[in-house]
Amino acid sequence: MKEDIHQYFGEDIVVEYDVNRCIHARECVRGLPNVFDPDKRPWIEPDEAAVEELRSVIMDCPTGALQFEQPDAEYEEPVPKRNTVSVVPDGPLYLSGDVEITASDGTVLLEETRVALCRCGASSNKPLCDNSHEDAEFEASGTISADESTADHPDVDGTVRVTPVPDGPLRIEGRFEMQGQDGGSKSCDSGGSLCRCGGSQEKPDCDGTHAKIGFSSDLSPD
Ligand code: SF4
Ligand code: FES
């Protein structure tokens, strides 16, 4: 995973922006256009909004490209009590909650509250999304089959651990709520395997297609 972090200093807060993780979802620009203006340099002016407002908009950034630090206030971003995996149509998986990404040998690669994971197979920053789904013209619905029997989804807390299997799917362990863009949702407490090669006929789940198409998690397609 690559990092290219830029810092923007305000009086009471430091905003950090990782260029590699921004997929131009524009929640920041819509939320606080005075602070986030891609046409200006610097494009982030932290003191153009109240700190609380700024923190709230930063925490709406679904990819985790935006972070903040407030060492003097000793304030840290709270970890959401519910873990969610949202399936974006023609795009990535947004994870929110107590999220840990680990290598196959158990090494923790990233601890996060917000992250976007590639599911088209084309990202050059796997397992993170780098917006390559647009160039790849990835097409996939964001629907999931809702499970009516667990409509309230009470138990979706704890750590949700994602392990990108080399040349295979995203193995996911822990409790979380899977959300579709059609409003469908279901709770998952036994983990599973989510497609990240882009080829599954059972998206967002893996159906073994990665082996048939020779998916390589090291390379992005030409
Ligand atoms: S909200 Fe996050 S991903 Fe979206 S444009 Fe802003 S920084 Fe990029
Ligand atoms: S990762 Fe796509 S089918 Fe398994």
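Predicted model: local features only at pLDDT ≥ 70, side-chain atom pairs only at ≥ 80, totals over all residues.

Colleague: OK, how many residues does the largest nonpolar core have?

Modeller: It has 47 residues. V15, L66, L93, L95, A116, L117 and V162 are those with the most contacts inside it.

Colleague: And which strand gives the largest share of this core?

Modeller: That's β5, residues 93-102, with five residues. The core also draws at least three residues from each of domain 1 (5-69) and domain 2 (84-211).

Colleague: What is V162 in contact with, leaving aside neighbours within four places in sequence?

Modeller: V99, I101, L117, L170 and I172.

Colleague: Switching topic: which residues are around ligand 1?

Modeller: There's a run of C22, I23, H24, A25, R26, E27 and C28, and then C61, T63, A65 and L66. The shell divides into seven nonpolar, two polar and two charged residues. L66 turns up here, and it is also one of the core residues with the most contacts.

Colleague: Now the start of the chain. How many residues of β1 are buried?

Modeller: Zero of its five residues, 5-9, so to speak hardly covered.

Colleague: How does β1 run against β2, parallel or antiparallel?

Modeller: Antiparallel, with five bridges joining β1 to β2 (residues 14-18). A hairpin of four residues links the two strands, and Q7 has E16 in β2 as its bridge partner.

Definitions and conventions
Residues numbered from 1 in each chain as written. Chains lettered and ligands numbered in written order. Core = buried A, V, L, I, M, F, W, Y, C linked by C-beta atoms within 7 Å. Buried ≥ 20, exposed ≤ 12 C-beta atoms within 10 Å, placed from the backbone. Domains from an automatic or database assignment. Contact = placed C-beta atoms within 7 Å. Near = placed C-beta within 6 Å. Nonpolar A, V, L, I, M, F, W, Y, C, P; charged D, E, K, R; others polar. Pairing = 2+ DSSP bridges.
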